[in-house]
Structure formats: C-alpha cells, structure tokens
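Colleague: I've just opened this one and I'm new to it. Could you walk me through how to read it?

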Amino acid sequence: MEQKKSLNFFLRQKNVAPEIRSLLSNIARSVKYINFSLRAGHTGTCGTENFSGESQLKLDVLADKIIATELERSDLVSIIASEERESVEKFSSSRAKFVVAYDPLDGSSLVDSDLAIGSIFGIWAGDELIGRTGNEMEAAAYAVYGPRVVLVIAIRDRGVHEFELNDVGEFILTQSDFQLEKTSKYFAPGNLRATAINKKYKTLVDNWIAEKRTLRYSGGMVPDLHHILKKNQGIFTYPGCEKHPNGKLRLAFECAPFGFIFAEAGGLALDQTGKKILDLKIEKPHQRTTIFIGSTDEVKSAVNFLKK
Ligand code: AHM
Ligand code: MG
C-alpha cells in the first residue's frame with residue numbers, strides 16, 4: 001500500500017528550507033481552524049465594513065484574526081498585509097524573515113449559498129511588501145473550503161502540490177506537481193458586466209460559446225482557479241470596466257499569489273494590457289489589477305484579442 005504523505009514529510013522530502021516548512025505548517029493550522037469555524041456556523045454579518053467598503057461577515061473578521069495569530073506565533077513573520085486590514089502590520093520578532101500577504105476568506109459572500117470559498121497566501125522573504133513583485137515570492141498557497149478542504153502549495157522551483165485535510169486534522173498529499181496544458185476547453189469569464197461596454201470582451205466570450213467550450217464559473221476565484229489546476233487546463237478572466245479600469249481583484253492578496261502558483265504549474269497570468277502579473281510592482285496593499293490566468297496559449301490569445 002502506498003504510504004500517506006503528510007504535508008511536513010512531503011516538504012522535507014522536497015528539500016524545502018526548514019523556515020518555509022515551519023511557516024507553511026502555521027498557515028496549514030490556520031486553515032484548519034478557519035474550517036472548524038465555518039463548520040461551526042459562525043456566519044452572519046458583523047455590521048462593519050472593511051477598508052474597501054465591503055460589508056464584513058463574522059467569518060471574514062475571524063479568519064483574519066486566526067491567520068494573523070498563527071503568523072505571529074510562527075515567530076518568522078516581519079510584516080502581514082490582509083485584505084481585511086487597511087495597512088500592513090509589523091510584528092516584532094528576532095527571527096522574522098518573511099512578509100505574508102493574505103486574503104483570509106475570498107468569496108465570503110458565497111458562504112450563505114453554500115458555494116466553495118477559500119483563503120489565499122503570498123510569501124516573500126524580507127521585511128517589505130511595497131515595491132515588491134510576484135516574481136520575488138518564495139512561496140504561495142491557497143485553501144479551498146468545499147466538499148473537501150484542500151491546501152495547495154507552490155514553492156519556488158519545487159512545483160505545486162495539493163494536500164487534503166483528513167478526519168483527524170492532518171493535511172495528506174493528494175496530488176503533486178500540477179502541470180497545465182497550453183490550450184483548454186474550459187472558460188471562467190469573470191466581470192461579464194464589462195461586456196455591456198467592452199464589445200471585444202463580449203466577442204471573446206461569444207467565440208468561446210460558439211466553439212462549444214465548457215463554462216465553469218462559480219463566482220469564487222479560489223474554486224474557479226482550483227478547477228483549472230485540477231483539470232490541467234482552463235482560463236479565468238477578470239477584465240476592467242469603465243468604472244473600475246483595474247477590475248476588482250487585488251494584486252498582493254489574490255493575483256500575485258495565483259500568478260506565482262500558476263507559473264510554477266507551467267501556466268501564465270497577464271493583465272489586460274499584456275503585462276505579466278508577476279512583473280507588476282505592489283505600490284499599495286489594496287492595489288487592484290485586471291487578470292487573465294490559466295493555460296498559456298489561451299491567456300496570450302485572449303489578451304491579444306482584447307488589445308487588437
Ligand atoms: P472578495 O475578496 O471580496 O471575496 O472578492 C473576490 C471575489 C472573487 O473570488 C471572485 O472571482 C470575484 O470576487 C467575483 O466578483 P464579482 O461577482 O463582483 O464580479
Ligand atoms: Mg478576495
């Protein structure tokens with residue numbers, strides 16, 4: 001019988017540096033606690049709004065606290081930036097080596113309808129987030145809270161791997177070394193309201209429909225992108241519109257971590273102008289960017305089509 005590999009065992013086998021392993025195990029613990037809170041039904045709104053003016057769920061606030069606590073406890077983190085916090089927060093630790101940017105509960109408006117949601121993490125060495133790019137990341141990860149709870153981890157030059165939370169609270173390897181094909185039959189078109197004005201975006205989506213491609217779109221970036229990795233192919237798009245030329249999604253908390261994960265899996269992430277997401281400089285924590293991400297040829301051809 002094949003041996004079950006725990007997260008830490010697998011990372012050791014992959015020769016991942018002890019400090020990154022240790023940090024990832026704190027992140028895994030926070031995912032476990034967030035999952036407990038979700039299952040315990042800590043839903044409902046707080047009556048407060050986050051920095052971006054979005055109404056906060058009790059779970060948004062709780063998930064943010066759980067992650068911040070685990071990161072501080074790791075004693076390895078100098079700075080955190082969270083989608084639920086206006087500015088970055090400094091921790092005082094003599095061992096501090098990493099910056100972590102995270103979206104504690106992405107897609108939390110989907111909780112009440114029981115759709116899958118997730119958490120996203122980006123990890124940089126050092127003690128500064130502003131001025132950094134996704135290219136400089138050491139690792140990135142996301143969790144999906146769906147029928148299964150999985151943690152997907154990408155480490156620089158060591159691939160992308162999936163671990164599932166089992167009944168006794170351990171993360172066990174379920175798939176290693178994700179690799180994306182260059183073309184795809186799946187499409188996940190975000191911000192379709194942009195088609196009302198952007199006729200090229202409308203034609204792009206119409207073409208995918210005419211080609212009898214398969215729509216897979218849940219409204220949650222994490223499960224939508226996880227679908228692409230699991231099927232080894234797909235494209236997710238979130239262009240801008242007149243009112244929001246840079247779209248909705250955040251560079252530091254959402255797009256750079258996923259750009260890193262997809263690059264490690266042989267995929268690509270570009271913004272609407274054709275710049276690599278991994279090359280974009282983080283100028284402020286809540287900076288937004290458009291994103292086209294997934295199978296390399298699909299991403300290039302979609303962005304080229306919109307630019308024509
Ligand atoms: P959130 O971080 O406030 O939850 O928003 C991010 C989510 C993504 O998961 C998803 O792709 C996107 O918002 C969908 O947004 P919309 O339906 O507003 O176009
Ligand atoms: Mg989000």
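Modeller: Let's start with Lys 212, which counts as exposed at 74% relative accessibility. Here buried means under 20% relative accessible area, exposed over 50%, and partly exposed in between, using a 1.4 Å probe and protein chains only. A word on the basis: this is a predicted model, where local features need pLDDT of at least 70, side-chain atom pairs count only at pLDDT 80 or more, and totals for chains, interfaces and linings use all residues. Residues are numbered from 1 along each chain as its sequence is written, chains are lettered from A and ligands numbered from 1 in the order in which they are written, and side-chain values use heavy atoms, leaving out hydrogens and water.

Colleague: Where does Lys 212 sit?

Modeller: Lys 212 is in the loop between H4 and strand E12 (214-215). Helices (H or I, at least four residues) and strands (E, at least two) are DSSP runs, numbered from the N terminus. The backbone is worth a look too: Lys 212 has a positive phi of about 60 degrees, although it is not a glycine.

Colleague: And what is phi like at Asn 232?

Modeller: Asn 232 isn't a glycine either, and its phi is positive, near 65 degrees. You'll find Asn 232 in the loop between helix H5 (221-231) and strand E13 (235-238). With a relative accessible area of 26%, Asn 232 is partly exposed.

Colleague: Why is helix H6 described as largely enclosed?

Modeller: Because 13 of the 14 residues of H6 (residues 251-264) are buried, the rest of the structure largely encloses this helix. After H6 comes Gly 266, with a positive phi near 85 degrees.

Colleague: What does Thr 296 touch?

Modeller: For touching, think of contact as heavy atoms within 4.5 Å. Leaving out residues up to four places away in sequence, Thr 296 touches Glu 181, Lys 182, Gly 266, Gly 267 and Leu 268. Thr 296 belongs to helix H7 (residues 296-307) and is buried, at 11% relative accessible area.
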